[in-house]
Amino acid sequence: MSKKNCNNPSSKSVDRRSFLKGTAFGLASLAIPFGTSDASVWEAFFQKHFREMNDDEIKSVIKRMEKEYADEYKTGFKIKTTGPLPGVKFGYGLDLSRCIGCRRCVYACVKENNQSREPQIHWITVLQFEKGEKWVNVFEEADRYYNPQEVPEEGHFYMPVQCQQCENPPCVKVCPTQATWKERDGIVVVDYNWCIGCRYCMAACPYGARHFNWGKPQIDKKELNPDVHYLGNRPRYKGVVEKCTFCIQRTRENPGRYPACVEICPVGARKFGNLLDPESEIRYCIENKRVFRLKEDLNTSPKFYYFFAI
Amino acid sequence: MNLKSLSKILLIVSIPVILLLMLSSYAASADDTTDYPVPPPPFSEGIFPCSGCHAGMEANTNRRELSFHEDIKLKHFDGWCFNCHNPGDRDTLRLASGKIISFKESEYLCGQCHGTMFRDWKVGVHGKRTGFWNGKKEYRLCVHCHSPHQPGFKPLKPLPPPIRPEDSKYKTSETIPLNPLDSIKE
């Protein structure tokens, strides 16, 4: 049997989703993959939780997965599993007095993180507000479709929103399969092989930062980024949830590159670094600018800080 | 181990470290690298070195309508070319103190009047740094973003908005939309 499609090998072919549903209701209807002889389907089905695997088990999962991706995409992906760096907790700053709403960050992120072009998924949404509008609480109603000849538009300002990497993430709490969790460096990650697509996390996220693959993700082969992380930008499957990971495949290296959105921003509005390092630019922002976080009253405690530098 | 032998070991270990440090600081001063590493200044093609024309020309310090560099219209503070340029050597800049600096460190020029911006710039908060968040970084000069002669930030054409949910037609198409990022050349 071939599973050379983009569907989650552990959910489509072998239907872990209905298996889990069964167990959840105490029915334990064992929907294991009878009728398939492909060993890797079995392997995918019985794959342990990422955090419970030892190094050898991770290695063999990566090997299997690299082969699956190579067959599917005709591209040699290198799947990293780099762990958190000791003494690091990532934080992000965004200077709203500089942002001009040009959306370079949106598409640099799409490219770096292999987001589906069709159906379209964007991890970053840029909102446009009229100056003076009461905005911090109504950002769901802000204009995200603005499209003038030039930005910034007179009398407006812009606020990009992406995963806020909460210290206290409501999305993690509601996940029935523990397919999403917070890592030691503060990055909230998703294991696409454990996600069953129930979308509880999307309902729980107050920032609209999680996105669902309604269809098979499609990306032109020449636009694929082959430098990927297991918990980040590796190609996704139909029916799984994804979101910003602070470019885990770049930032967890030593030395670690800045996230793609920081690197592209033409106005330099995006700041990134280690919250535990008093010399970092993010700490400078927090200590010297008046920073605020979105929906502070919900106690999600984001590690994403907005500020007006002037 | 007692304290004495520990300090002896520290001494032995530190000698080569100090030597190395001395060597490396010598290397840094021997090189003409700037305090803040930056990409080349964003000159128009063919204009630099300025001495190509100016070497044989008398500097004219009078404020006037120029018959060359007509595209340069000063819309900054109420000043003139030699508030910044060096009449003695056009390939360099001159600070108010008389200090001569290279175009690769023009941030010092701007920093004379924009102290707060300059302070934020040095720590990577105004302007931008690329490279490694926990390693080597490259800055952008003020003039990479602000023309020194008309320093307001130039507006940009935004990349396309997201597709509205009602317009989204999921299809297994042969023509996957390409990333619009690759169509801009900046």
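Q: Which residue is the bridge partner of A:Val291 in S12(A)?
A: First, the ground rules. This is a predicted model, where local features need pLDDT of at least 70, side-chain atom pairs count only at pLDDT 80 or more, and totals for chains, interfaces and linings use all residues. Residues are numbered from 1 along each chain as its sequence is written, chains are lettered from A in the order in which they are written, and side-chain values use heavy atoms, leaving out hydrogens and water. Now, strands of a sheet pair through backbone hydrogen bonds, either parallel or antiparallel. Here, the partner of A:Val291 is A:Phe307. S11(A) and strand S12 (residues 304-307) of chain A run antiparallel, joined by 2 bridges; a pair needs at least two DSSP bridges, and strands are DSSP E runs of at least two residues.

Q: What is the order of the 4 strands in the open sheet of chain A?
A: The order is S10-S2-S12-S11, with mixed pairing. Strand S10 (270-274) and strand S11 (291-292) of chain A are the edges, each pairing on one side only.

Q: How much area do chain A and chain B bury between them?
A: The size of an interface is often given as the accessible area lost when the parts come together. Chain A and chain B bury about 4,400 Å², 57% of it on carbon and sulfur atoms; that is accessible area (1.4 Å probe) lost on being put together, summed over both. On the chain A side, A:Arg104, A:Tyr107 and A:Tyr145 lose the most area to chain B, together 17% of what that side buries. The contact (heavy atoms within 4.5 Å) takes 56 residues from chain A and 44 residues from chain B.

Methods:
Buried area = accessible area lost by both parts, 1.4 Å probe.
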